[in-house]
Amino acid sequence: MTTEVLWWMFAIAIVAVSAGVVFSRTVIHSAIFLILSLAGVGAMYLFLTVSFIALVQFLIYGGAVTVLILLALMLTRMGVAGKPEPTTGVQAPFGALVALGLMFTLIGVAVSTAWPGDLGGSLPGVTIETIGNEMFNNYGAPFIITAALLLVAFIGAIVIARQEDGD
Amino acid sequence: MTFGEPFFGLSWLDAIIRILIIVLVMTIVVVYLTYGERKVVARFQMRLGPTRTGPLGLLQGFADAIKLLIKEDIRPRNADRWVFEFAPFLTFIPVFLVLVALPFARDWGVRNLALGMFFVFAVLGLNIVGVLMAGLGSGNKYALLGGVRAAAQMISYEIPLVVALLAVAMVAGTLDLNAIVSMQDARPFILIQPLAFVIFFTAMLSELHRAPFDIPVAESEIVGGYFVEYSGIRWSMFQLAEYASMWAFSIFGAAIFLGGWQFPFGDDWGWGWQLALTLIKSLIMILLIFWVRATLPRLRMDQLMSFCWKALIEVSFALLLVNGLFLFYGWPEPILAAVNWVGTIAFLGGIYLRAARKPSTKDLVGSYKHVEVSNS
């Protein structure tokens with residue numbers, strides 16, 4: 001009961017800050033709202049008792065991705081902080097189209113799939129040991145291939161960003 | 001007082017009472033850490049430090065706190081108002097959350113989390129957000145520079161920190177902090193993972209912005225960094241967060257590497273002794289931090305980054321590989337410890353030899369290097 005009330009409170013708060021991301025007039029405020037929204041989703045995972053995914057959400061999205069966004073903003077913004085900037089351009093309708101399409105696709109998929117935790121079903125207990133076993137024993141090859149792909153992308157990014165003498 | 005028996009039988013009330021106790025203790029500890037730092041650094045510099053307020057200057061911290069509370073709270077005109085005002089609180093929240101997971105004595109902490117170690121470094125990563133908000137929101141170039149430096153430094157040093165801790169977690173076989181501590185009844189993990197401790201301590205200094213990594217808050221370069229525009233109570237929030245995270249990191253390090261409440265006496269001794277052991281070990285780590293601060297000069301930004309990316313990360317991944325080999329083949333622990341000690345001595349010796357070598361000044365012509373100018 002308490003969990004359900006908290007869940008709804010967080011749901012409303014997350015929708016509110018997500019609206020803040022879209023409608024805020026400055027990019028920096030949008031980025032900060034985005035951090036709050038992602039942290040709220042992490043808290044939601046805690047209510048849903050998947051603490052590992054919640055902590056990964058905090059570590060990756062809260063601590064790393066948004067920091068990179070803020071860092072990029074810090075390095076590129078000019079002028080007074082907090083001044084309104086133009087936020088819509090000619091691409092706005094296409095962006096809205098893509099976002100709406102994604103939203104309806106996700107809702108459709110989520111509703112039409114039979115999840116193990118649906119009414120009448122039972123949830124498998126997922127601990128960090130289960131995740132580790134699945135990742136390193138049953139899905140070892142995909143894990144290694146993903147790692148190699150990331151490494152290639154990493155080296156590629158360094159090569160592109162690198163400036164040789166005389167370039 | 002154990003994890004299993006909540007006060008008054010209500011788990012939420014129990015959590016609130018425990019958090020209140022820890023926050024009160026933390027406030028007192030922070031006040032005396034500022035005093036202790038001034039005293040210790042003063043003795044290192046052949047001075048006396050604060051002596052006037054109270055006996056031996058013991059009330060100095062409280063006097064400073066009162067002074068900070070009644071100072072005017074200034075907000076610059078071109079600051080981004082909400083970002084500026086919320087930044088100090090956002091730097092404090094992660095530290096506060098870390099205190100929730102730390103084990104202070106056997107079965108005593110706020111909550112014993114099954115993923116305790118992972119929780120600590122997941123939450124500590126959020127620390128950067130408040131620092132960046134302060135840098136962005138102040139509307140000041142020095143604050144912005146401090147914020148950029150802090151962000152670059154913290155996301156770089158987070159990697160060796162986490163990898164070194166993972167190496168210890170591999171040896172322990174769990175992420176539960178209380179279980180890790182109770183495993184160290186015969187030997188603390190610093191004896192079998194000294195290299196991990198060296199990496200952890202270095203990365204910790206960097207995450208805390210302590211000397212020699214205090215580049216984001218360098219007074220002589222960028223007049224104090226990201227909190228240059230803050231005054232009064234908001235500035236004191238930054239100080240509180242800094243010293244509280246130093247304390248939290250020390251207890252965390254004491255629990256993982258120095259044996260926490262468990263090591264010399266075991267769990268036969270009462271919870272008072274265990275609590276005292278934890279606090280004494282954390283104070284030893286804090287004293288080490290002050291000692292380093294009083295001894296070493298500040299690094300340059302490029303030295304800081306190249307040390308992290310060219311030395312610490314490689315060494316920490318090598319440590320992870322060696323630990324993996326030993327654990328996979330089940331080779332005995334003394335050999336693992338010996339290999340680690342050899343690695344530690346090689347690493348520290350390499351750093352020492354590199355520093356002791358007389359630097360060549362051959363190509364230095366007033367600038368970093370001599371550049372050939374072509375006439376074409």
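**Cavities and the chain contact in a predicted model**

Modeller: About 160 Å³ of space lies in the largest cavity of this predicted model.

Colleague: What makes this space a cavity?

Modeller: The word is used because a 1.4 Å probe fits at its points but cannot get out. The largest cavity has 13 lining residues, and those nearest its centre are B:Asn127, B:His209, B:Tyr226, B:Glu242 and B:Ser245. Helix 11 of chain B gives the largest share of this lining, four residues.

Colleague: How do you know which classes line the second largest cavity, with about 40 Å³ of space?

Modeller: Its lining consists of B:Ile19, B:Ile22, B:Val23, B:Phe96, B:Leu99, B:Val100 and B:Val110. Ile, Val, Leu and Phe count as nonpolar, and therefore the lining has seven nonpolar, no polar and no charged residues. Helix 1 (11-44) and helix 3 of chain B each give two or more residues to that lining.

Colleague: What makes up the contact between chain B and chain A, and how much area is buried there?

Modeller: The contact takes 23 residues from chain B and 22 residues from chain A, and the buried area is about 2100 Å², with 86% of it from carbon and sulfur atoms. On the chain B side, B:Leu115, B:Phe118 and B:Leu136 lose the most area to chain A, together 26% of what that side buries.

Colleague: Why is the count of salt bridges between chain B and chain A zero?

Modeller: A salt bridge needs a side-chain nitrogen of Lys or Arg within 4 Å of a carboxyl oxygen of Asp or Glu, and the count between chain B and chain A is zero, so no pair there is called one.

Note on methods:
Residues are numbered from 1 along each chain as its sequence is written. Chains are lettered from A and ligands numbered from 1 in the order in which they are written. This is a predicted model: local features need pLDDT of at least 70, side-chain atom pairs count only at pLDDT 80 or more; totals for chains, interfaces and linings use all residues. Side-chain values use heavy atoms; hydrogens and water are left out. Contact means heavy atoms within 4.5 Å. Buried area is the accessible area (1.4 Å probe) that two parts lose on being put together, summed over both. On a 1 Å grid over the protein atoms alone, a cavity is a set of points where a 1.4 Å probe fits but cannot get out, and a pocket is an open set with protein on both sides within 12 Å along at least five of seven lines; lining residues have an atom within 4 Å of a point. Grid points are joined across faces, edges and corners, and a volume is the space filled by probe spheres set on the points.
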